[in-house]
Amino acid sequence: MQATSYTYDPETRTGSVLLDDGTPVEFDAAAFDAGGLLLLRPGQRVRIEGEGRGSDLRITLVTLQTF
């Protein structure tokens with residue numbers, strides 16, 4: 001699934017993304033670390049993987065979107 005980086009705190013390695021429908025979803029440090037990223041800037045296009053759907057979606061991986 002694709003999303004857009006919305007917030008990111010480099011100290012805690014947590015943040016949030018906006019899904020394509022505008023829904024914000026938070027991610028934890030484990031999801032950030034799983035993607036191997038060092039930094040994330042607001043507005044970057046990302047690929048996410050998660051468990052659950054809708055309001056129960058929990059992001060398990062955040063990585064940069066590549067084409």
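## Exercises on a predicted model

The side chain of S5 reaches the backbone oxygen of R41 at 3.2 Å. The model is predicted.

**Exercise 1.** Place S5 in the fold: in which strand does S5 lie, is S5 buried or exposed, and what does S5 contact?

*Solution.* 
- Step 1. Locate the residue. S5 belongs to strand β1.
- Step 2. Check accessibility. The relative accessible area of S5 is 3%. The cut-off for buried is under 20%, so S5 is buried.
- Step 3. List the contacts, leaving aside neighbours within four places in sequence. S5 is in contact with S16, V17, L40, R41, P42, G43, Q44 and V46.
- Step 4. Look at one of these partners. S16 is 11 residues from S5 along the chain, and their C-alpha atoms are separated by 6.5 Å.
- Step 5. Return to R41. Its backbone oxygen is what the S5 side chain reaches, at 3.2 Å.

**Exercise 2.** Work out the sheet: what is the strand order, and which strands stand at the edges?

*Solution.* 
- Step 1. Write down the order. The open sheet has 5 strands, arranged β3-β2-β1-β4-β5, with antiparallel pairing.
- Step 2. Find the edges. β3 (24-27) and β5 (58-64) each have a single partner strand, so one side of each lacks a neighbour in the sheet.
- Step 3. Neighbouring strands are turned by 45 degrees against each other on average, direction ignored.

**Exercise 3.** Trace the pairing across β1, β4 and β5: how many bridges join β1 to β4, and how many join β4 to β5?

*Solution.* 
- Step 1. Take β1 and β4 (residues 45-51). They pair in the antiparallel sense over 3 bridges.
- Step 2. Name the partners. Q2 is bridged to R47 in β4. T4 stands opposite R45 in β4.
- Step 3. Move on to β4 and β5. Their antiparallel pairing runs over 6 bridges.
- Step 4. Follow R47 to its partner in β5. That partner is T63.
- Step 5. Describe T63. T63 sits in strand β5. Its relative accessible area is 17%, so T63 is buried. Not counting residues up to four places away in sequence, T63 touches G35, L37, V46 and R47.
- Step 6. Close the hairpin. β4 and β5 form a hairpin with 6 residues between them. In the turn, G52 has a positive phi of about 90 degrees.

**Exercise 4.** Describe the largest nonpolar core: which of its residues touch the most other members, and which elements give two or more residues to it?

*Solution.* 
- Step 1. Start from the general rule. In soluble globular proteins, nonpolar side chains tend to be buried together.
- Step 2. Pick out the central members. The largest core has 15 residues, and V17, F27, L40, V46, I48, I59 and V62 touch the most other members.
- Step 3. Assign the elements. β1, β2, β3, α1 (29-34), β4 and β5 each give two or more residues to this core.
- Step 4. Inspect L40. Not counting residues up to four places away in sequence, L40 touches S5, Y8, F27, F32, V46, V62 and L64.

**Exercise 5.** Examine R13: where is R13 placed, and what is its phi?

*Solution.* 
- Step 1. Locate R13. R13 is in the loop between β1 (2-9) and β2 (14-19).
- Step 2. Read the backbone. Phi of R13 is near 60 degrees, a positive value in a residue other than glycine.
- Step 3. With a relative accessible area of 31%, R13 is partly exposed.

Notes:
Residues are numbered from 1 along each chain as its sequence is written. This is a predicted model: local features need pLDDT of at least 70, side-chain atom pairs count only at pLDDT 80 or more; totals for chains, interfaces and linings use all residues. Side-chain values use heavy atoms; hydrogens and water are left out. Helices (H or I, at least four residues) and strands (E, at least two) are DSSP runs, numbered from the N terminus. Buried means under 20% relative accessible area, exposed over 50%, partly exposed in between (1.4 Å probe, protein chains only). Two strands pair if DSSP finds at least two bridges between them. Axes are lines fitted to C-alpha atoms, for helices over the stretch in contact, and angles run from 0 to 180 degrees between N-to-C directions. A nonpolar core is a set of buried Ala, Val, Leu, Ile, Met, Phe, Trp, Tyr and Cys residues joined through side-chain atoms within 4.5 Å. Contact means heavy atoms within 4.5 Å. A polar contact is a pair of N or O atoms within 3.5 Å; within protein, one must be able to donate a hydrogen and the other to accept it, and residues adjacent in sequence count only if both atoms are side-chain atoms.
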